[in-house]
Amino acid sequence: MDLAQEEPAGDGEMEELVRVSTANIPNGENHLQRTHFPGMVRKKAYIFDGLGNYYNKEWDLAEGSGQEFCWYHVELPKGKQKLSQSAQYLIDVLCPPLKLQDILSLVSNGPFCGHVDGALVFRVNSPGPPSSNFTFRLAARVTENSVITISLGRVPRLGFSPVGQSLLSEIPSIESPSYHRGERNEGSGIVIREHVLEFLLTMNHSEEADNPVPKSVSNLVVHIIDTHMDHLQDVVTKLEMELDSVELELDRGGFALKKEMLDDRRFPKMHLNLQRLLQVIAHGEQVFPRVKEKCFSKHWFASEDIGSLEELIGRLRRLKENVGFLANRVTAIQAGLDCWQSEQINRKLYYLSFLSIIFLPLSVITGVFGMNVGGVPWTVQKDPALKDGFRNVMGLCLAMLLLVLLCFIFPALYSRLTAWLRRRSLKRTWSHNRRSFLKRTIGLQERGGYLRI
């Protein structure tokens with residue numbers, strides 16, 4: 001009876017136990033037990049004066065004052081760590097002053113946009129594996145004088161670098177065999193290697209040195225979302241170039257190349273990556289319009305930046321259509337490979353059926369003359385009691401053959417019989433209705449009346 005009256009400990013009791021246990025630990029011991037992860041994440045801290053200038057600052061998570069505002073960025077590693085491990089990294093670098101609810105709102109998967117502890121928080125975190133190139137995670141915590149962002153891996157053009165360090169502002173020259181690393185001839189410009197040029201061709205944006213320095217928090221928020229869009233566009237452009245090269249290889253390649261692509265499941269993997277990319281874009285379609293709505297009511301968010309957010313939302317929709325076209329191209333190529341594979345299988349089955357046509361009569365002949373019955377022709381079996389055995393076996397085989405043919409022909413015969421019976425019944429009904437109609441017509445003509453329709 002006493003056990004039945006007991007109630008299990010709820011969440012409130014567990015929180016109370018945790019508070020009591022942490023309260024009993026001295027401050028010095030609690031500080032020593034805290035785990036740190038030095039070097040696991042990359043951190044960047046900037047302070048902007050609101051006049052178009054920026055400076056690097058120490059990592060103190062302090063907010064700006066007046067026109068000044070600060071930006072703190074955390075870059076999580078692209079490894080095989082769990083989501084809880086990423087949360088521990090953020091707790092190490094952001095707490096204090098951030099609380100646990102701030103950390104959970106920034107690191108959790110899925111789309112989100114709302115106010116957490118007085119700050120605007122939005123995230124577009126896809127739930128894929130962190131090591132994948134098609135898993136994107138971007139979260140931001142925005143206040144009037146500070147912005148904290150978290151990204152998975154490096155986001156191109158997100159940071160800032162001094163003017164004059166941009167590779168795009170250099171005069172390029174073609175790589176020659178006599179060129180040594182670090183060598184630069186006067187008047188010839190900087191040497192661009194081939195792999196660097198291929199990488200630059202996939203970029204749809206400038207470098208960090210060409211970024212305009214934001215003059216307000218709203219400019220910085222637009223810059224963060226814009227770089228996220230550029231990152232997505234870079235991945236889509238790389239996929240387009242890869243798909244074009246694969247189509248050229250398929251046009252030039254033969255049996256071995258197509259067989260290798262089918263064995264490697266190259267296009268199903270590409271289609272899966274495109275679906276992950278579409279999921280990221282769908283998260284952006286849910287979050288960024290809500291960000292625009294919530295920023296519209298902020299007095300520190302400029303009206304021209306609201307228009308910039310609207311343009312970015314339209315760009316995201318166009319990017320979604322482009323990814324849809326790529327998915328259709330991958331599906332068409334995979335369908336072509338499947339048709340090619342079925343043609344190869346049909347060709348092999350044709351060769352096998354051709355061989356069966358050759359050897360089937362031979363097997364029938366050997367089977368007939370190998371029967372252990374009497375009366376087999378061209379043999380020495382002369383026993384009068386067994387002379388009808390071969391004839392009886394052949395009759396039985398003929399009966400079985402007729403039965404099998406009847407089983408195959410019966411559905412067609414049944415359908416023909418039912419169709420004939422149906423036509424006969426329709427003719428009989430039509431003739432009966434015609435006779436009754438003529439009788440009524442003749443009777444009405446004799447009476448001089450009207451015919452009811």
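Author: Before we start, a definition: rings of Phe, Tyr and Trp (its six-membered ring) pair if their centres lie within 6.5 Å, with planes under 30 degrees apart counted as stacked, over 60 as edge-to-face and the rest as tilted. This is a predicted model, where local features need pLDDT of at least 70, side-chain atom pairs count only at pLDDT 80 or more, and totals for chains, interfaces and linings use all residues. Residues are numbered from 1 along each chain as its sequence is written, and side-chain values use heavy atoms, leaving out hydrogens and water.

Reader: OK, how many aromatic pairs are there in the whole structure?

Author: The search finds 9. One of them is Tyr46 with Phe48, a tilted pair at 6.3 Å centre to centre and 40° between the planes.

Reader: Is Phe48 buried or exposed?

Author: Buried, with a relative accessible area of 1% (buried is under 20%, exposed over 50%, partly exposed in between, using a 1.4 Å probe and protein chains only). Tyr46 is buried too, at 5%.

Reader: Which aromatic cluster is Tyr46 in?

Author: One formed by Tyr46, Phe48, Tyr54, Phe69 and Trp71.

Reader: Switching topic: why is strand 6 largely enclosed?

Author: Because 5 of the 5 residues in strand 6 (residues 138-142) are buried. Strands here are DSSP runs of E, at least two residues, numbered from the N terminus.

Reader: And what does Ala139 pair with in strand 7?

Author: Its bridge partner there is Ile150. Strands 6 and 7 (the latter residues 146-152) run antiparallel over 5 bridges; strands pair if DSSP finds at least two bridges between them.

Key. Helix = DSSP H or I, 4+ residues; strand = E, 2+ residues; numbered from the N terminus.
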